[in-house]
Amino acid sequence: MSGELTEGIIKIIIREVGQECAAKGQAVSETLVAFMVKAVVLDPRNEFNVDQILTKKDVQNLTQLCVTRLLDTTNPSLSTIKMQVYFDMNYANRAELLREQHRVLEGRLAPLVRDITDSRPCVQDEMMKVYQMMVSYMLLSSGLGSPTDIEVVREVTAALQSIFPQTALVAFISLSKKDKEQQLKNLSMLVTGIRLFNKECGKGGKGIDDLPAILNEAIPSATRTVEDSLNTCHVLAHCYTALLESMHEDQQRHRQLSSFKLKEALFNVRQYEAFLCILMSDAITGAQEVEKMNVQFTTTMEQLKNTVQNKVSVDTKEVFNEILLLSFLTNMTNNLQQFLETQSQLFPEEVLTSLLEGVTVKTDEERIRETMGTRVNVSDFENQEWLFPETTADFDQLLIQYRGFCAHAIGVKGLTLPGNPAIGILKHKDRCYVFSSKESAYIFAQDPDKFIQLNIEKAKEHAELIHLLELHHQFEYLAPYTQARSADKHLMKPTTKCDSSTQTDTHILPPSVVRSYEWNEWELRRKAIKLANLRRKLTHAMQTDLSHLRRENSTQVYLPKDVSTQTKHDNSSNVPRPQVFLAGLRGGSSAATHMVKVDLTRPIDET
């Protein structure tokens, strides 16, 4: 099916699904609907073929299936997908968050900076106004104190005057716009450092909170919150895993628990666990950065107390950034808890306790400890590459597939069991896989492609596994959540078609023709004479009052030559026509002939 047609159909389906859900009282985002459409199409049980054009009946079935799944609020699978969409749309790593915060701060200060750099004060009142704007910039950029507090404004003004008196405004105004902006930033850091130093000495610091102390209290609190959520998540994951294992071992237990959505609940808490680990890592990084800043700040203050004449520059934005990051991580942790409500309603504590009677619950750590003494025998596999800690550099930095879960248990049992790298990491087609037991490793290594395909089929049935197990490379024709609304991304696999053409260059190598080459020696002689003649020419320049101090004008001419020409003169004349009369040629009465010749030609002067 063509890409344009597919995209148009999918947009219609997304709109119709959203409208039907809204009509039934369930508000859903366009991104969530788009992913649900992908999930329904992927599921082989729905029998949709992405390589064929969807009929009207297919569109109706697809729409109804999507609406049904989106309205099934009792299914943990829907909560997992909502959690994945929420995290993908709202989470930003440390660098992205700081970059966005810097952009927002620069945007807020941009009008004030523009007024300062574009101003051209001439009188004293205007100079004072520019100086007051600089004081406001110092206060707003540091974020230490309220701009409406008179004492804070006076303190900032005094700090600025100590390093940049009002008389220095004359030199400041003459700078370029870029240099002005840089000097404003430098002055802001110096003023902030002076205020912090005065606060440390007990001589000032009005309106400055003890930000390091606030962070030192807030970071452990936030970390404990994430740890508590992780512990709860681990307990639930271990319980669900134990119940699912008991179903595989006992058919009676299977019939008893088959009506419960244990797999969906397990995937839900595993995804929640993965997101909490990301947030915990960011919180630990933030704590390390705060510790570094505290050490740097203490060292700087000690040096200043010993040598007061030195100026200090402290970037308070780093401290505020850490506060922002901590607030962001806390909000993300609190907001993720709502996506556990469905499985907690399905398995309240008393129900879960009753189901676990007679079942041994093992933690992930216990499972790994049980398999620490076993490992794969490399000699049993001729064409497989196995990696071990003692033979592989940067063993802990290897990128493990399926987020570190057992590659065999996912497709065969539908379980997310933690893999033990000590058993051996199988490297197959440049990808690394771990296993929960030696037996699982041997079975998987006999035909890795078969089990990889089983995992893909399992992900098609449970679409939340695509994100949980990081299987996006297996579904490359599906756009990520954040790109689901992009016009150039298709939600279904289009048929690959393209128009192509080829052309062979006549001359592959670049031309090497020298255009200035001359073979004719007379042409070369003509050019030489021309150059020699040019050397004897003079250059004349002139300047008038109108062009004075404006630009330089110059002209070059050839000297005039005296040349004359002569043309022929056309003239004409008219001559008389000769006329001669001869008389007596016929003879007469006498025997002798007497001829008389008479010239009748007119004279030339009569013509």
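Trainee: Which class of accessibility does Asp118 fall into?

Mentor: This is a predicted model, in which local features need pLDDT of at least 70, side-chain atom pairs count only at pLDDT 80 or more, and totals for chains, interfaces and linings use all residues. Residues are numbered from 1 along each chain as its sequence is written, and side-chain values use heavy atoms, with hydrogens and water left out. Buried means under 20% relative accessible area, exposed over 50%, and partly exposed in between (1.4 Å probe, protein chains only). The relative accessibility of Asp118 is 45%, and therefore this residue counts as partly exposed.

Trainee: With which residue does Asp118 form a salt bridge?

Mentor: A salt bridge requires a side-chain nitrogen of Lys or Arg within 4 Å of a carboxyl oxygen of Asp or Glu. For Asp118 the closest N and O atoms of the pair are 3.1 Å apart, and the partner is Lys177.

Trainee: How far apart in sequence are the parts that this pair ties together?

Mentor: Helices (H or I, at least four residues) and strands (E, at least two) are DSSP runs, numbered from the N terminus. Asp118 belongs to helix 5 (residues 94-118) and Lys177 to helix 9, so the parts tied together are separated in sequence by 59 residues.

Trainee: What is the relative accessibility of Lys177?

Mentor: Lys177, the partner of Asp118 in the salt bridge, counts as partly exposed. Its value of relative accessibility is 39%.

Trainee: Which residue pairs with Glu457 in a salt bridge, and what is the distance from N to O?

Mentor: Both side chains belong to helix 19 (residues 448-461), where being three residues apart separates them by about one helical turn. Glu457 is partly exposed, with a relative accessible area of 27%. The partner is Lys460, and the N to O distance is 3.7 Å.

Trainee: What distance separates N and O in the salt bridge of Arg526 and Glu523?

Mentor: These two residues lie three apart in helix 21 (residues 521-535), which means a separation of about one helical turn. Arg526 is partly exposed at 45% relative accessibility, and Glu523 is partly exposed at 23%. From N to O, the distance is 2.4 Å.

Trainee: How many salt bridges does the count come to?

Mentor: Side chains of opposite charge can pair when their charged atoms come close. Salt bridges that share partners join Arg270, Glu273 and Asp364 into one network. By the rule already stated, the number of salt bridges is 14.

Trainee: Which residues form the negative surface patch?

Mentor: Patches are made of residues with over 30% relative accessible area and no salt bridge; like charges are joined within 9 Å, and nonpolar side chains (Val, Leu, Ile, Met, Phe, Trp, Tyr) within 5 Å. Lys and Arg count as positive and Asp and Glu as negative, without His and the chain ends, and the place of a charge is NZ of Lys, CZ of Arg, CG of Asp or CD of Glu. Glu200, found in helix 9 (residues 177-201), is partly exposed with a relative accessible area of 40%. The negative patch consists of Glu200, Asp209, Asp210, Glu217 and Glu302.

Trainee: What accessible area do the residues of the nonpolar patch have together?

Mentor: Accessible areas come from the Shrake-Rupley method with a 1.4 Å probe, and for residues only the protein chains shown count as cover. Leu582 lies in strand 6 (residues 580-583) and is partly exposed, at a relative accessible area of 39%. Together, Val580, Leu582, Leu585 and Met595 have an accessible area of about 390 Å².

Trainee: Which residues does Thr223 contact, leaving aside its neighbours within four places in sequence?

Mentor: Thr223 lies in helix 10 (residues 211-249) and is buried, with a relative accessible area of 16%. Contact means heavy atoms within 4.5 Å. With those neighbours set aside, the residues in contact with Thr223 are Met280 and Ala283.

Trainee: What is the phi of Lys429?

Mentor: Most residues other than glycine have a negative phi. Lys429 lies in the loop between strand 2 (425-428) and strand 3 (431-433), and counts as exposed at 60% relative accessibility. Although Lys429 is not a glycine, its phi is positive, at about 55 degrees.

Trainee: And near what value is the phi of Asp430?

Mentor: Asp430 is also placed in the loop between strand 2 and strand 3, and counts as exposed at 69% relative accessibility. Its phi is positive in a residue other than glycine, near 65 degrees.

Trainee: What share of the residues in the protein chain is buried?

Mentor: The secondary structure of the chain comes to 21 helices and seven strands. Of its 607 residues, the buried share is 37%.
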